[in-house]
Amino acid sequence: MIETSNLTRKFGDVTAVEDLTLHVGEGEVFGFLGPNGAGKTTTIRMLACLISKTSGEARIADYEIGNSADCQKIRKIIGLVPDNVGLYEDLSAYRNLDFYGRLYECSDAQRREQIEYFLKMLGLWDVRDRPVRTFSKGMKQKLAIVRALIHDPQILFLDEPTANLDPEFQKTVRDFILELKREKRTIFLNTHNLDEAQRICDRIGILNTKLVAEGTPEQLMESLEGRKTQVQLQQVTPAVTGAVGRLGLRYVVSSGNRLVIDVSDPEKENPGIMEAIVAAGGHIQFITEKHATLEEVYLKLVRDEQ
Amino acid sequence: MKLWKAWVIARKDFSTFRTKRYVIYSLVVVPLLISIGLPILIWLGIGNAPIRPSQLPAIISGLNDVFNAFSFLFVMLAGFLPISIGAYSIVGEKLEKTLEPLLATPTTDGEILLGKVIAAFLPSVSAVYAGAVIFMVLMDAVTSAKLGYVYFPNWTVAVILLITVPLTTILSTEFSVITSARVSDARAAQQFGALIVLPLAAIYLATEIAFVSLTPANLLIISAIILVIDALLFSLSRATFRREEILTKWK
């Protein structure tokens, strides 16, 4: 659905995005993480045909970024929620949506249906005739998302959709994005919120001008330290550590009664580890998979890159 | 270009500008000042003074020049009124952060610019016409008894209102919109936009010192020149409307 190959954008001497190569499949939610100035917004702007690329290739569906005729077609099949909501404050919520619906060439009936459906879904139907300036930040953010959906786009670009919202509104917006995910829409999500990315995204890319890492949240978390099995025992004795050592596995003792063991294939290795520990007289209380958090992965990758 | 999209943008701008007090004031107060103030001046000058029949030809000749010059004030008004709306058109979208979602729609530069031009043109030209009608009615009321005939309407004012005023409104609107797309501050856009009034003021002064006579023929020549500039400015506005620059360089 979204393909880029060595996509690069420079502003004068400054490279905002360098050699970005990625693929986002249909119905996938792709999260883009990165520090401020990493090029996330520039990437979305290039993909939404708002700014040009310096070099490289990018395609949305079967249309080519950079081809002006294709850009008009791309704009019809994408929805964009920019980092600033950008609503007409003096117009009502309904009028804002109706305006965009017309520009997206929706029929009268489609506009009416879509506006009613989404405003009711997000609890804004009763305030549809109020000027947007009277809305809270969260209401405006929801309205901006509806605006991007008014023409039923195949692909949705969301640039920091929950930034500056309080936790309650963040959850409302996040739940709405999850609802869109269930509808199998392709979503490209720029976010600083690692928890949000982990909960919502099928795959995540970490950008710091260049694409530093890419994968599912699980793959990224495993990538930092590999996979680990954590075994909590009544007591970690020399007999137990000796038994684990004899399996040829690296381990560390943590918090006095926990063994954190490096494993490459836990489904195959864990039964043998359990048997060895029990045979060595260890009393197992819990066994869990331990991996780095997404935050740890993110911070390490970004700092390494810097 | 889809004209209906330009109209959609213009209608949205009408709704937005309706809530902006400074736009309403400039569209209502300035035309009213001219259309009511000038007849009052004439009334104060000749309204109560007795006129002997021998003085009438000289008075008619003098009034003819004064009335033509006054009528040309509506051309200047047509140059002035669109500035407040036109200057805000693009820079206003940028300041309110609405430009990015607007540019993300399948709308061409030409459609956006035409919409902005219509949004500034229609209210301005309507205000000029309303002011001109009030002006002509009051002037006739003040002078018809003295002159023995109704001065307005006449061919000069017909050319001014039906040809020169719309073309000048378009000229000012286009100039303001171009300015609005090139600066990042609404006030700067208005100040630059106001430059368009200068050549019109020069023509007005030229009529006052009898360097130019505002005959229908001369007005048609002036209108033809403005028409050519209008066409050039619309091409220029499309050529100089750089979405990317507006999005990435303006803060």
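## The four-stranded sheet of chain A

In this predicted model, chain A holds an open sheet of 4 strands, ordered β12-β13-β11-β14, with antiparallel pairing. Its edge strands are β12 (251–254) and β14 (284–290) of chain A, and each of them pairs on one side only. On average, neighbouring strands in this sheet are turned by 20 degrees against each other, direction ignored.

One pairing can be followed residue by residue. Strand β11 (residues 227–233) of chain A runs antiparallel to strand β13 (residues 258–263) of chain A, and 6 bridges join the two. Within this pair, R227(A) stands opposite V263(A) in β13(A). Helix α10(A) packs on the sheet. It touches β11, β13 and β14 of chain A. The direction of α10(A) makes about 25 degrees with that of β11(A).

## Two helices that pack together

Two packed helices are described by the angle between their axes and the distance between the axes. What are these values for α9 and α10 of chain A? Helix α9 (residues 238–246) and helix α10 (residues 266–279) of chain A pack at an angle of about 145 degrees. Their axes are 8 Å apart. The crossing of α9(A) and α10(A) is right-handed.

The contact can be listed by residue. From α9(A) come V240(A), A243(A) and V244(A). They meet I273(A), A276(A), I277(A) and A279(A) in α10(A). By class, this contact of α9(A) with α10(A) has 7 nonpolar residues, no polar ones and no charged ones.

## The six-stranded sheet of chain A

Chain A also has an open sheet of 6 strands. The order is β6-β7-β8-β3-β9-β10 (chain A), and the pairing is mixed. Strands β6 (78–81) and β10 (210–215) of chain A form the edges, each pairing on one side only. Here neighbouring strands are turned by 15 degrees against each other on average, direction ignored.

Strands of a sheet pair through backbone hydrogen bonds, either parallel or antiparallel. In which sense do β6(A) and β7(A) pair? They pair in the parallel sense, over 4 bridges. V81(A) stands opposite L158(A) in β7(A). Next along, strand β7 (residues 155–159) and strand β8 (residues 186–191) of chain A pair in the parallel sense over 5 bridges. There, I155(A) has T186(A) in β8(A) as its bridge partner.

Which faces of β6(A) are covered? Both are. I78(A) and L80(A) lie on one side, G79(A) and V81(A) on the other, and these four are all buried.

## Domains of chain A

The domain assignment divides chain A into domain 1 (2–216) and domain 2 (227–290). The C-alpha centres of domain 1 and domain 2 of chain A lie 45 Å apart.

## Where chain A touches chain B

The contact takes 25 residues from chain A and 20 residues from chain B. On the side of chain A that touches chain B, the elements giving two or more residues are α2 (68–77) and α3 (93–103) of chain A. The largest share of that side comes from α3(A), with 5 residues. By class, the residues of this side of chain A divide into 13 nonpolar, 4 polar and 8 charged.

## Chain B

Chain B has 10 helices and 0 strands. Read along the sequence, its pattern is α-α-α-α-α-α-α-α-α-α. The C-alpha trace of chain B spans about 70 × 35 × 30 Å along its principal axes. Of its 251 residues, 44% count as buried. Among contacts in chain B between residues at least 6 apart in sequence, 90% join residues at least 24 apart.

One residue gives a close-up. L102(B) is found in helix α4 (residues 99–103) of chain B. Why does L102(B) count as buried? It does so because it has 21 C-beta neighbours inside 10 Å, and the cut-off for a buried residue is 20 or more. L102(B) and I112(B) are 10 residues apart in sequence. In space they are 8.9 Å apart, C-alpha to C-alpha.

Methods: Residues numbered from 1 in each chain as written. Chains lettered and ligands numbered in written order. Predicted model: local features only at pLDDT ≥ 70, side-chain atom pairs only at ≥ 80, totals over all residues. Pairing = 2+ DSSP bridges. Axes fitted to C-alpha atoms, helices over the stretch in contact; angles between N-to-C directions. Left-handed = near helix turned anticlockwise from the far one by under 90°. Contact = placed C-beta atoms within 7 Å. Nonpolar A, V, L, I, M, F, W, Y, C, P; charged D, E, K, R; others polar. Buried ≥ 20, exposed ≤ 12 C-beta atoms within 10 Å, placed from the backbone. Domains from an automatic or database assignment.
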